[in-house]
Amino acid sequence: MLGTYFTFPELLLWIPLIAGIVAFFIKNEKAVKAWSLIASLIILAVSVVGLCYSDSSKYLSYNQVSYYWLKYLGNSFHLGLDGTGHLLSFLTALAYPLIFLYSYNRKWQNANNYFGLMLLTQAGIMGVFSAMDALLFYFFWELALIPAYFLCSIWGGKQKIATTFKFFVYTFTGSLLMLTGIIYIYLHTGPRIFEDTTQAAHNFGMLAFQHANLSGAEQGWLFWLFFAAFAVKIPVWPLHTWQPDTYDQTETSVVMVLSGLMVKMGLFGVMRWMLPVVPEGVSQYGNVAIILAVIGIIYASCVAMVQDNLKKLVAYSSIAHLGLMTAALFSQTELGVQGVIVQMFNHGVNVIGFWIVVDILIKKSGVKYISELGGVAIKAPALTIMMIIIGLANIGLPLTNGFVGEFLMYGGLFQYNYVFAAISILAIILSAVYVLGMIRKVFYGNVSEAASKMTDLTTYEKIALGVVVIIIFITGVYPQPIIELTKNATALLVK
Amino acid sequence: MNAIVLTAFWGVVMMFAGAFLKSKSLPKYLAIAGIIIVFLANAIELKTQTSFFNIDLHNMIRTDSFNLTFIAVAVAATFLLFILNGKDFENIGIHVSEYFALIFFILCGVALSATFNTLLLMFLGIEIISIPLYILSGSEKKNLKSNEAALKYLLMGAFSTGIMLMGIAFIYGANENGSFFISNINLGAQPISPMFVVGLVFLLVSMSFKVSAAPFHFWAPDVYDGAPMVVTSFMATVVKVAAFIAFIRLFDNAFGKIHTQWQNLIVVITIATLLIGNITAVFQQSVKRMLAYSSIAQAGFMMLALLSLNDKGKEGIIIYSAAYSLATIGLFAVLVKMKDYTIDGFNGMAKKYPAIAVSAAIFLFSLTGIPLTIGFQAKFMMLLSVIEAGGYFWVVIIAVLFAAVSAFYYFRIIQAMFFKPALPDENSLAAGKSFKIIIVITAILIILLGVYPELLVGWIYS
């Protein structure tokens with residue numbers, strides 16, 4: 001049955017889409033919460049089963065599917081999950097139950113809209129990770145943004161409408177530039193002949209894009225058109241300015257989707273639609289991208305050190321981590337790329353854990369400034385332990401998952417250019433400074449007025465953070481399954 | 001051919017109906033019946049390639065599937081306007097059936113300007129469109145702004161008509177074949193004679209005026225703002241895209257051979273139109289005026305079809321016509337039902353009228369060019385056509401940057417509807433159940449065409 005009638009990428013796309021649309025019409029808050037949680041657990045289950053069918057011998061029958069769509073343009077509705085796609089769709093499937101679970105007791109205004117939009121975002125992200133046609137990829141790339149735009153604008157702080165619009169305009173401009181690049185490459189592909197012998201003049205397929213007839217100079221400027229879209233999403237310095245504001249103003253559970261999953265769309269885009277498609281462009285300008293990324297690492301780490309706002313601290317820390325991943329990815333060394341793939345998953349898990357802790361702190365104490373907090377450990381010891389583990393994983397301590405990815409990435413960067421590696425390795429020291437500094441100020445010392453309102457973790461929060469911590473240790477000690485899963489994917493990306 | 005005859009005939013019917021029908025609401029139904037007849041007759045002609053009327057026109061009219069598909073789009077857009085806002089025509093004044101009659105005459109002009117084969121019929125088509133519009137834009141007699149709009153439109157329109165006529169005369173004089181047929185224009189030896197160049201530039205200027213492309217756009221905001229809302233809705237959509245079809249058909253058939261020589265003029269006009277339309281729209285408070293500037297901005301995108309002048313561009317202009325007309329008529333229809341025309345008037349609409357708010361959001365997405373809407377397909381085809389034509393990639397980059405700017409003003413309405421609390425004073429929509437259903441169907445149609453543009457594109461190649 002499986003593989004004959006439906007495949008994993010389809011299931012991962014349609015279940016959240018349909019569940020999301022249904023959620024809009026469930027007016028009862030309790031019911032819609034339960035519905036969404038169950039739907040997200042089913043998606044997780046599908047994704048876990050999908051991991052068991054992930055080896056390349058089963059690829060054709062279980063992990064890819066193609067329908068005719070916009071045939072006259074040479075496009076099709078072609079979904080496929082390779083190793084990286086499996087890993088990231090699993091991360092997406094894993095994140096949602098965690099997000100829904102930890103906030104299960106919370107009261108939502110217009111709960112049906114919130115959960116509906118969240119699930120639609122999930123469908124969009126799944127689509128991005130599985131699209132095998134460039135036009136289809138662009139569709140999902142934009143469609144994931146629309147529900148996220150509504151989520152960020154409806155739930156959040158006072159400035160949310162303005163900051164979210166900034167986020168939207170940045171992303172939309174980048175996407176449109178990428179669209180012109182996609183069209184240009186499309187017009188340089190050969191004709192596409194479909195199975196029913198109809199023919200289109202050009203081809204949107206991924207393989208056709210990789211073999212498009214492009215000169216070195218063309219690839220040079222196409223590089224920048226694609227980089228504009230992905231750099232905004234990742235975000236790479238100096239296009240990061242939307243991020244701290246948006247993360248600060250947006251409801252934290254939505255920020256988890258943005259920073260845990262949607263930024264990975266940018267890196268994934270580089271992997272699938274940039275490195276193999278415009279290789280000569282990358283070899284011309286990859287250096288510039290790495291320099292920007294390294295500047296971003298140092299800049300964001302320094303800003304994070306002096307940050308008093310908890311949410312912005314996590315935002316800047318995230319920029320620094322993503323900068324390192326970008327640099328390692330553009331180094332195109334086997335170690336570096338492998339590290340990026342591993343780290344994409346690990347950073348997703350860690351940062352969601354980090355945000356859960358921050359959100360619990362802010363919601364229970366009522367303040368988001370580090371200077372107004374202190375001594376939380378006395379009030380909430382379990383929360384403190386969780387935070388310390390997640391914080392150490394964020395720094396990249398051995399035996400936590402953060403170490404595995406960072407070790408590989410620095411290895412790759414050293415092979416590429418030791419100056420860049422030496423500068424960016426400062427990020428580890430700086431991240432230790434700001435993470436440990438934050439933990440010291442927030443969790444230890446005298447109990448502040450705001451902190452005295454704290455209570456410890458509830459059951460739902462314990463489960464969510466427990467899962468995060470377990471994953472941190474498992475992938476930290478035994479990352480081999482992730483590397484096995486994605487080792488084929490690196491072949492195309494390495495120079 | 002069917003459409004030309006039937007629209008003219010039904011215009012006369014509507015005028016007589018005005019004399020004999022005492023009821024104020026009956027003309028609306030008569031007009032809707034007429035538009036359905038016209039649409040079906042046109043569809044039959046499109047499918048069978050034969051007309052009901054066998055008149056020897058000495059080849060002065062050409063009805064290929066591209067032209068007929070465009071007429072179908074224009075008639076369908078008018079139909080949508082009638083069923084959404086038919087009742088609102090009754091609020092303009094007492095001569096309800098005359099308003100409908102004039103619109104039918106305009107449609108006759110639209111059909112002519114989509115099918116002309118000679119310069120004279122083109123002139124006739126454009127004028128048949130313009131003259132009833134002068135009347136319609138001033139039809140709200142007691143409204144000072146409406147009077148201003150009519151006078152302004154008449155003066156500027158007459159001026160541009162004069163230039164157009166002069167251009168036609170020059171072209172005729174320079175044409176060694178001595179013919180008005182657009183496909184029979186002999187450019188003579190290179191370089192082209194100065195007389196021909198003057199004629200071409202005059203035609204370019206007057207057509208740019210008709211499509212409200214910068215720097216000939218100055219009439220548009222005031223006229224669109226002053227005219228009664230339903231007339232604006234018609235004028236900014238059906239009339240504008242009809243002028244575009246005439247523009248493209250003329251310059252493609254008559255001057256396509258020397259495309260490279262006037263391409264740079266089009267580039268200048270395109271960029272100026274995009275710049276002025278988009279930047280000015282950002283600063284508008286009145287949604288009606290904002291839509292006027294947005295229509296200029298969209299004209300800038302449609303100009304890209306003239307820049308590329310290939311099959312993709314022509315296909316694109318049909319899709320663009322449909323996309324732009326559907327979304328703009330839908331938005332105007334909502335606006336007509338509101339009391340407050342400023343952006344604040346939309347505040348909190350999602351709470352009170354969720355169906356209308358979601359539909360309006362889809363219209364705005366389509367105008368912005370978000371995927372899965374027909375608006376995306378339209379913009380996509382335009383970009384594709386220019387990139388395929390080659391050489392003007394930088395214009396494409398400018399165009400997409402302005403498309404991003406357009407998000408600024410379209411999304412302000414979305415922000416008002418969904419994220420802002422309703423104003424304390426009740427801004428209720430005078431919308432019935434059937435209106436809501438039609439608006440939702442329009443929104444669904446936009447998505448459907450966005451997912452399956454073949455539904456529309458297929459007609460062109462039938």
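## Domains of chain A

In this predicted model, chain A is split into two domains, with domain 1 covering 1–277 and domain 2 covering 284–495. The C-alpha centres of domain 1 and domain 2 of chain A are 23 Å apart.

## Contact between the domains

Within chain A, 41 residues of domain 1 are in contact with 46 residues of domain 2. On the side of domain 1 of chain A that touches domain 2, the elements giving two or more residues are α4 (83–102), α10 (216–233), α11 (242–249) and α12 (252–274) of chain A. Of these, α12(A) gives the most, with 12 residues.

By class, this side of domain 1 of chain A has 25 nonpolar residues, 13 polar residues and 3 charged residues.

## Contact between chains A and B

Between the chains, 21 residues of chain A are in contact with 20 residues of chain B. At least two residues each on the side of chain A that touches chain B are supplied by α6 (134–143), α7 (145–154) and α8 (160–186) of chain A. The largest share comes from α8(A), which supplies 11 residues of the side of chain A that touches chain B.

The residues on the side of chain A that touches chain B comprise 17 nonpolar, 3 polar and 1 charged.

## Elements at each contact

For the side of domain 1 of chain A that touches domain 2, the element giving the most is α12(A); for the side of chain A that touches chain B, the element with the largest share is α8(A).

How values were computed. Residues numbered from 1 in each chain as written. Chains lettered and ligands numbered in written order. Predicted model: local features only at pLDDT ≥ 70, side-chain atom pairs only at ≥ 80, totals over all residues. Domains from an automatic or database assignment. Contact = placed C-beta atoms within 7 Å. Helix = DSSP H or I, 4+ residues; strand = E, 2+ residues; numbered from the N terminus. Nonpolar A, V, L, I, M, F, W, Y, C, P; charged D, E, K, R; others polar.
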